[in-house]
Amino acid sequence: VQAPPHIQPSALPDGQRCSKKNMTAVALLSVLPPLRSTHSRLYLCRHGETESNAHSLLQGSGIDAPLNAKGREQAKELARQLSEVPLDLIVSSTLCRSHETASIVADAQVRTPPAECRRVAALAEMFYGVLEGRPVSECRQELDALNEAWAAGRTDLAVGGDGESPEALLTRAQAALWDRGLLGSRQAGRQVAVVAHSSLNKAVLTVATGQELGKMFGAVAQANCCINVLDFCVEDGAVDVVALNLVSSK
């Protein structure tokens with residue numbers, strides 16, 4: 001699956017982890033290019049850490065794990081980074097880890113009136129079928145074989161037998177994000193935060209940066225509570241990737 005015609009590949013490399021040697025995520029957000037008058041801006045984020053993440057378990061839409069203590073701290077830092085961004089809408093999936101992270105972001109907003117909050121089922125993580133909840137180390141051979149097949153163009157192959165394929169994942173993600181405008185609005189000037197999931201973000205960002213969908217698991221890194229910035233043109237639906245995988249060093 002290639003990028004749809006309206007997706008504009010980004011000239012940016014994959015994002016770097018922010019550190020004191022360069023800039024914090026907050027500082028990087030403050031120097032983003034200004035939002036053009038014909039565009040809206042999407043802050044596409046990943047949720048905070050869960051115990052499944054900490055123990056390297058396959059955690060798709062079939063596992064509804066809450067944030068752990070580290071994940072809640074990560075979510076608070078994400079909320080601090082976005083606190084002064086005048087968000088019009090904050091969106092999560094219906095999974096607990098996403099919704100909890102988004103709620104922490106919403107609570108830290110300084111704008112008045114507060115942003116609208118919404119849960120969208122189509123933004124849930126990839127479904128890993130019978131592999132859900134299993135240690136990644138135990139599934140390595142099967143996952144490696146799938147990655148090879150996907151990279152060779154077989155992105156219609158589902159993971160875990162009865163799980164989801166990259167094509168199915170991308171189709172529902174793009175429909176949720178871009179159909180009828182950014183999250184259903186063609187009003188320019190809106191700023192929207194979406195707290196989603198690693199594989200879903202990777203599918204969207206891999207295609208948005210002009211890469212082949214089948215390479216999504218090696219194309220773009222997505223740390224817990226990272227921020228990706230995408231600008232959406234309300235006139236023609238073009239999407240420009242502004243920043244990838246921004247993570248605070250804190």
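Quick housekeeping. What you see is a predicted model, where local features need pLDDT of at least 70, side-chain atom pairs count only at pLDDT 80 or more, and totals for chains, interfaces and linings use all residues. Residues are numbered from 1 along each chain as its sequence is written, and side-chain values use heavy atoms, with hydrogens and water left out.

OK, back to glutamate 77. You'll find it in helix H3, residues 69-82. When I say helix or strand, I mean a DSSP run, H or I of at least four residues for helices and E of at least two for strands, numbered from the N terminus. So what does the side chain of glutamate 77 join up with? It has a polar contact of 2.8 Å with the side chain of arginine 80. A polar contact here is a pair of N or O atoms within 3.5 Å; within protein, one must be able to donate a hydrogen and the other to accept it, and residues adjacent in sequence count only if both atoms are side-chain atoms.

That pair is also a salt bridge, with the closest N and O atoms 2.8 Å apart. The cut-off for that term is a side-chain nitrogen of Lys or Arg within 4 Å of a carboxyl oxygen of Asp or Glu. Both residues sit in H3, 3 residues apart, about one turn of the helix. In general, an α-helix has 3.6 residues a turn, so residues three or four places apart point the same way.

The structure holds 11 salt bridges, and here's one I like: arginine 36 with aspartate 240, closest N and O atoms 2.9 Å apart. That one links distant parts of the chain, 204 residues apart: arginine 36 is in the loop between helix H1 (25-30) and strand E2 (39-46), and aspartate 240 is in strand E7, residues 239-246. Arginine 36 is partly exposed at 41%, and aspartate 240 is partly exposed at 22%.

Now the greasy part. The largest nonpolar core has 43 residues, and Leu42, Trp178, Val194 and Leu230 have the most contacts inside it. A core, for us, is a set of buried Ala, Val, Leu, Ile, Met, Phe, Trp, Tyr and Cys residues joined through side-chain atoms within 4.5 Å. Leaving out residues up to four places away in sequence, leucine 42 touches several others, including Leu177, Leu182 and Val192; contact means heavy atoms within 4.5 Å. There's a second, separate core of 24 residues that includes Tyr43, Ile90, Ala115 and Ile227.

Next, helix H4. Which of its residues are buried? They are Arg97, Ser98, Thr101, Ala102, Ile104 and Val105. They cover an arc of only 155° around the axis, going by the directions from the helix axis to the C-beta atoms, so they are on the same side of H4. They pack against H3, strand E3 (89-92) and strand E5 (191-196).

Last stop: glutamate 138, in the loop between strand E4 (116-119) and helix H5 (140-151). Glutamate 138 is exposed, at 53%.

Definitions and conventions:
Buried means under 20% relative accessible area, exposed over 50%, partly exposed in between (1.4 Å probe, protein chains only).
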